Amino acid sequence: MTSVKKGIIMGMANKFSIACGISESLKDNGADLIFLVQTEYFKEKISEMAKNFSNNEIFVCDVIQDGAIEKTFDEIFEKFGPIDFIVHSIAFSDKNELQGKYLNTSRANFLNTMNISCYSFTEVCKNAQKIMPNGGSVLCLTYYGSEKVVPNYNVMAIAKAALESSVRYLANDLGEFGIRVNAISAGPIKTLAASGVGEFSKILEYDRNRSPLKRNVTQKDIADACVFLLSNMSAGITGEIIHVDCGCNTIGVNF
Ligand code: NAP
C-alpha cells in the first residue's frame, strides 16, 4: 500500500499541467492536496478544477516575490499542521528565447529563468523543514535537455541542469531531518509551458519514434511515478533524478 497523506501542489495552471495529472494520481491514492498558484487570476481559473480534490484550498504564491514562499508555507502550517510532501512543478522563461541559438540569451531572461525555475525550488526546500517536522518528500520536475542539447530548449536547459544539481545538494542538507528530495525527468508532454519551446511538436515526434515503448509519455505515467517518490514506498530514495520518458533518453537511440 502506498501512503501519501497531505501535501502541497505548486504549478497547476490547467488540466494539461503535469501538476494536474500528479494531483489526480495523488487523489486516487487518498491524499489531501493544497494548491499554490502564481496569481489571483489563476486562483479563479483553477477553482472549479480544485473542487475535484478532497481539499480544495488554493493559496496565491508568486515564487519570484521575496518572502512569498515562507509566508504561504507559514499560513499553510498554521491552518493544516504538518505537511508530508511538496510537488514543485514550476518553470518559466521568455518564449522568444526558447528558439534559435542559446548564445543569444539575454542576462535579464537568464536570471529570471533561473530565479523561477531553479532558485524557487531551493527556497521551497528551505521552508519545507518548518512545515515537515515529521519528515517528508519534496519533488521537482526536470527534462533531459539538461543533459544533452535539445534544439530550442536553450536557457531552460541550463536552469534544469542547475535544478538537478540542487536536488543532490538539498537532499544532502535535508536528509538528517528525514526529508527526501528527488526529481522526475519527464519526457516531453504538451502543456502550456511546453508550447513556448520552439518546434515542440518535432521533439514529441522524435521521442515517439525512438523510444523503446514507441510512444510519448503520458500525464499518468509521470504522475504515478511521482506518487511513488512522494510515498513511503520510496523511503530509501533521495537525491535522485528519475527518468520517466518511455526509455527514450535513458536507453538512447533505438532504431
Ligand atoms: P504548465 O502547465 O504551464 O505549468 C507551469 C507552471 O509554472 C504554471 O502552473 C505556472 O503557474 C507556474 N509558474 C510560472 N511562473 C511562476 C511563478 N512566478 N510563481 C508561481 N508559479 C509559477 O507546464 P508543465 O509542462 O506542466 O510544467 C510543469 C513542470 O514540468 C515544469 O517544471 C516543466 O519544466 C516540467 N517539465 C515539463 C515537460 C513538458 O514536456 N511539458 C517535460 C519535462 C519537465 P501559473 O499558471 O499560476 O502562472
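Visitor: At what angle do H4 and H5 pack?
Guide: This is a predicted model, where local features need pLDDT of at least 70, side-chain atom pairs count only at pLDDT 80 or more, and totals for chains, interfaces and linings use all residues. Residues are numbered from 1 along each chain as its sequence is written, and side-chain values use heavy atoms, leaving out hydrogens and water. Helices here are DSSP runs of H or I with at least four residues, strands are E runs of at least two, and both are numbered from the N terminus. The H4 and H5 axes (lines fitted to C-alpha atoms over the stretch in contact, with angles from 0 to 180 degrees between N-to-C directions) sit 9 Å apart, and the packing angle is about 15 degrees.

Visitor: So are H4 and H5 roughly parallel or roughly antiparallel to each other?
Guide: Angles under 35 degrees count as roughly parallel, over 145 as roughly antiparallel, 65 to 115 as roughly perpendicular, and the rest as oblique. With about 15 degrees between them, H4 and H5 are therefore roughly parallel.

Visitor: How many charged residues are in the contact of H4 with H5?
Guide: Contact means heavy atoms within 4.5 Å. On the H4 side you'll find Phe110, Met114 and Phe121, among others, and on the H5 side the list includes Ile158, Leu163 and Leu170. Ala, Val, Leu, Ile, Met, Phe, Trp, Tyr, Cys and Pro count as nonpolar, Asp, Glu, Lys and Arg as charged, and the others, Gly among them, as polar. The contact has 14 nonpolar and 6 polar residues, and the number charged is none.

Visitor: At roughly how many degrees do the axes of H3 and H4 cross?
Guide: H3 covers residues 68–80 and H4 covers 107–131. Their axes come within 10 Å and cross at roughly 30 degrees.

Visitor: And which residues in H3 meet H4?
Guide: From the H4 side come Ser120, Glu123, Val124, Asn127, Ala128, Lys130 and Ile131. Facing them in H3 are Ile69, Glu70, Phe73, Asp74 and Phe77.

Visitor: How many charged residues does that contact of H3 with H4 have?
Guide: Sorted by class, the contact of H3 with H4 has 6 nonpolar and 2 polar residues. The charged ones number 4.

Visitor: What about H1 and H7: at what angle do they pack?
Guide: H7 spans residues 219–230. Its axis is 8 Å from that of H1, and the angle is about 60 degrees.

Visitor: What does that make H1 to H7?
Guide: An angle of about 60 degrees is what we have to sort. That makes the relation of H1 to H7 oblique.

Visitor: Which residues in H1 meet H7?
Guide: H7 brings Ile222, Ala223 and Val227, among others. Across from H7, the H1 residues are Ile18, Cys20, Gly21, Ile22, Ser25 and Leu26.
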